[in-house]
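Here are my notes for you on this one. Have the sequence and the 3D view open while you read, and take the points in order.

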Amino acid sequence: MEQSNLPQQHYHIPALLPQTLEGLDIKPSGVYVDCTLGGGGHTRAILRLLDPAAGGRLLSFDQDCQAIERAEADGELAGNAAFTAVHGNFRYLRNFLRYYGVESVDGILADLGVSFHHFDDPGRGFSFRWDGPLDMRMNPQAEHSAATLLAEATPERLAEIFRLYGELPQARQIARAIERRRQQAPIATVEELLATVRPLISPRKEKKELAQVFQALRIEVNDEIAALRSLLEQALRALRPGGRLAVITYHSLEDRLVKNFMRTGNLEGRLEKDFYGRPLSPLRPVTSKAVTPDDEEIERNPRSRSAKLRVATRI
Ligand SMILES: C[S@@+](CC[C@H](N)C(=O)[O-])C[C@H]1O[C@@H](n2cnc3c(N)ncnc32)[C@H](O)[C@@H]1O
C-alpha cells in the first residue's frame with residue numbers, strides 16, 4: 001500500500017478548462033450553473049468572466065460538504081457577489097433553482113465523477129492505493145456505502161455492476177468471489193476487497209482492472225447514472241433559448257448518454273423528425289465530436305486523460 005501524502009496534493013485540477021469556457025460562451029450578465037464545484041477550478045474561471053453588477057450569477061453545486069465548506073472559506077469565491085454555493089445533488093437541479101429564485105439559465109456545466117481529493121483521501125475508500133473503510137459516498141450523509149452494497153447486493157446485481165460500470169470481462173467471477181467471501185466475513189475495508197478480487201485480476205493489467213472494480217462500485221454507491229439522466233432532463237427545461245449545456249464525462253456509458261441526449265433531446269436517443277423529415281431536437285451539438293485533452297494537458301494532468309467534453313445549444 002502506498003502512503004498518502006494528501007496535504008501536498010491538489011484538491012483537483014480542472015480538465016479541459018479553456019475548451020469548457022469557450023463552449024459555455026459566457027456572457028458577463030448571464031446566469032450559470034456549475035453542477036460540480038469540486039475544487040472550484042471551473043467555477044473560479046467562470047466567475048472571472050461574470051459581472052455581478054450587470055446581473056451575472058453562478059450557482060455552484062456539490063453534494064460533498066467538504067467541497068462546499070472549502071468554497072465558503074475561499075475569499076475569491078465567497079467574496080464574489082455573483083457566487084452562490086449550493087450543497088445538494090444536481091439531480092434536483094430545478095428544485096434548487098426555484099429555491100434560489102432562478103427561473104432559467106444561460107449555461108450549465110457538469111464535470112462528472114469525483115475530484116482528486118476523493119481519490120487521495122484514504123478515509124473515503126475511493127482508491128485501491130491505500131487501505132481504509134470502503135465508504136465511497138460523495139455525500140457522507142448518504143445512506144449506503146460501498147461496504148453496505150457489498151454486504152447486501154445479490155450476486156446477480158454485483159455482476160451487472162462490474163460488467164456495466166466496470167466493463168470487466170470477469171464480472172461474474174468477481175461477484176461470485178465476493179459472495180463466497182462475505183459468507184465468511186464482511187468486506188468492509190479496501191484491503192479486504194483487494195484480497196477478494198485480486199486472484200481474478202490479470203497481473204499485467206492490475207492497476208487498470210482494480211481501478212475498474214473501484215469505479216464500478218463508486219458509480220453504483222452514488223447512483224451516478226440515474227443522477228446524470230435526471231440532470232440532463234432538467235437542464236433542458238432550465239436552459240434559455242441559446243443557452244449552453246457542457247458536460248465532461250469520464251466513462252463511455254455516460255458519454256453515450258450525453259451524446260445521444262445532445263443529439264435528440266431525450267434519454268432514449270430517439271430523433272424526432274418533422275413532416276419533411278427534418279430533425280426536431282431541442283438541442284443542437286456545438287461540435288460533432290467530443291473534445292478531449294491534448295498531449296500537453298495529459299502530461300500535466302494525467303487524470304484528465306479519459307475526459308470527454310460535449311457541448312450543445314438549447315434551441
Ligand atoms: C470532477 S469533480 C469537479 C471538479 C471541478 N470541476 C473543479 O474544477 O475542481 C466532481 C465533483 O462533483 C461532485 N458531484 C458528483 N456528482 C454529484 C451530484 N450528483 N450532485 C452534486 N455534486 C456531485 C463531486 O462531489 C465532486 O466534488
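1. How many helices and strands does the secondary structure of the chain come to? Counting gives 14 helices and seven strands. Keep in mind as you look around that this is a predicted model.

2. Next, the overall build. A compact globule with 315 residues would have a radius of gyration near 20 Å, and the chain has 20 Å, so the two agree. If you follow the C-alpha trace along its principal axes, the chain spans about 60 × 55 × 40 Å.

3. Now find the ligand. It sits in the largest cavity. There are 24 residues around the ligand, and the ones that come nearest are G39, H42, D62, N89 and D111.

4. What sort of residues make up that shell? Sorted by class, the shell around the ligand has 13 polar, eight nonpolar and three charged residues.

5. Zoom in on the backbone here. A polar backbone atom of F90 is 2.9 Å from a nitrogen atom of the ligand. With G40, a backbone N or O atom lies 3.2 Å from an oxygen atom of the ligand. T36 also has a polar backbone atom, 3.4 Å from a nitrogen atom of the ligand.

Technical notes
Residues are numbered from 1 along each chain as its sequence is written. This is a predicted model: local features need pLDDT of at least 70, side-chain atom pairs count only at pLDDT 80 or more; totals for chains, interfaces and linings use all residues. Side-chain values use heavy atoms; hydrogens and water are left out. A residue is near a molecule or strand if one of its heavy atoms lies within 4 Å of it. A polar contact is a pair of N or O atoms within 3.5 Å; within protein, one must be able to donate a hydrogen and the other to accept it, and residues adjacent in sequence count only if both atoms are side-chain atoms. On a 1 Å grid over the protein atoms alone, a cavity is a set of points where a 1.4 Å probe fits but cannot get out, and a pocket is an open set with protein on both sides within 12 Å along at least five of seven lines; lining residues have an atom within 4 Å of a point. A molecule sits in a cavity or pocket if more than half of its atoms lie within 2 Å of its grid points. Ala, Val, Leu, Ile, Met, Phe, Trp, Tyr, Cys and Pro count as nonpolar, Asp, Glu, Lys and Arg as charged, and the others, Gly among them, as polar. Helices (H or I, at least four residues) and strands (E, at least two) are DSSP runs, numbered from the N terminus. The radius of gyration is taken over C-alpha atoms; the globule rule is 2.2 Å times the number of residues to the power 0.38.
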